[in-house]
Amino acid sequence: MNDALRIEDLCVSLGTQEVLKDVSLHVRRGELVGLIGPNGAGKTTLMRTVMGLVRRTCGEIAAERQIGYVPQIQNLDWSYPMSAEQLVMTSFLARRGGKADALAGRKEKWAAVYRALHRVGLAKLRRRTIAQLSGGQKQRVLIARALAPNPALLLLDEPFTGLDHPNQDLLSDLFGELAQNGVGILMSTHDLTQAIDICDRLVMLNETVRAAGKPQELLIPKLWTETYRVREDSALLRALGMGTK
């Protein structure tokens, strides 16, 4: 199939609350898709469901077997005593289930770790402890961790949070390069101008998919007021060139 990810009629409940209802979307190989919507819209839950970390109540998910996942940076404990290269190596331990399995192909795994760190510009900092990394460096080491196993599908949960513009540009270039090399990317983000600029398509999510298409096709005020539940004179629409003061 040409799809790295296809979701059909997905429903997810957390406790008694239905968080996602009848969600259908797809990500093609070589495509960067932005997943946008307000806080609480279900973006993180959707990604965690694809990863098998949250159980779905209905629907189907067809995804590439090799998936890279970058969680939100603030949800992790950065005080753990390990280096950047050790954190990237954990991507293989997680897939294989423990230290014994990690012994096979050890040289190849470390080579993949160094390649991933080089791709995100952190090769020279590979032995620095993760607690000593800046916010932008922490985000990049998480992306290196996701890239080390050479995934066919990459899930990015708010990768631009807390980053300055040089770091955002570095990651945007990297995501574009990965997509050109055939990786399918689903990226949730609150940075809407960045999403409109770099994504091939956008999926507007709030409990269900409200709209999907190329960024310029979705610059219709009604889609944004319904998805984000804001007024027609909201600063959000003005920032995107759709509203009036």
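Analyst: D9 counts as partly exposed, because its relative accessibility is 44% (buried means under 20% relative accessible area, exposed over 50%, and partly exposed in between, with a 1.4 Å probe and protein chains only). Everything here comes from a predicted model, in which local features need pLDDT of at least 70 and side-chain atom pairs count only at pLDDT 80 or more, while totals for chains, interfaces and linings use all residues. Residues are numbered from 1 along each chain as its sequence is written, and side-chain values use heavy atoms, leaving out hydrogens and water.

D9 sits in strand β1, residues 3-14 (helices, H or I with at least four residues, and strands, E with at least two, are DSSP runs numbered from the N terminus). Its phi is near 55 degrees, a positive value in a residue other than glycine.

Who is beside D9? One of the residues in contact with C58 is D9; L10 and C11 are the others, leaving aside neighbours of C58 within four places in sequence (contact means heavy atoms within 4.5 Å). C58 belongs to strand β4, residues 58-63, and is partly exposed at 33% relative accessibility. C58 and C11 are 47 residues apart in sequence, yet their C-alpha atoms are 5.0 Å apart in space.

Positive phi values turn up elsewhere too. E207, in the loop between β8 and β9, has a phi near 75 degrees and is likewise not glycine; E207 is partly exposed at 34% relative accessibility. Within α8, residues 221-228, the buried residues are W224, T225, T227 and Y228. Their cover includes β3 (32-36), α7 (192-198), β8 (201-206), β9 (208-213) and α9 (235-239).

Helix α7 is also the place of Q194, which is buried with a relative accessible area of 11%. Apart from neighbours within four places in sequence, Q194 is in contact with F160, Q168 and S172.

Now for a helix pair. Helix α5 (residues 135-147) packs against helix α6 (residues 165-180) at an angle of about 15 degrees, with the axes 11 Å apart; axes are lines fitted to C-alpha atoms, for helices over the stretch in contact, and angles run from 0 to 180 degrees between N-to-C directions. The two are therefore roughly parallel (under 35 degrees; over 145 is roughly antiparallel, 65 to 115 roughly perpendicular, and the rest oblique). Their crossing is left-handed, meaning that the near helix is turned anticlockwise from the far one by less than a right angle, clockwise being right-handed.

On the α5 side G136, Q139, R140, I143 and L147 meet N167, L170, L171, L174, F175 and L178 of α6. By type, this contact has seven nonpolar, three polar and one charged residue (Ala, Val, Leu, Ile, Met, Phe, Trp, Tyr, Cys and Pro are nonpolar, Asp, Glu, Lys and Arg charged, the others, Gly among them, polar).

Q137 of α5 is buried at 15% relative accessible area. Beyond residues up to four places away in sequence, Q137 touches L122, L125, R128 and Q132.

Finally, confidence: the mean pLDDT, the predictor's confidence in each residue from 0 to 100, is 90, and 94% of residues reach 70 or more. Residues 96-103 fall below 50, and this stretch has five contacts in the model beyond near neighbours in sequence.
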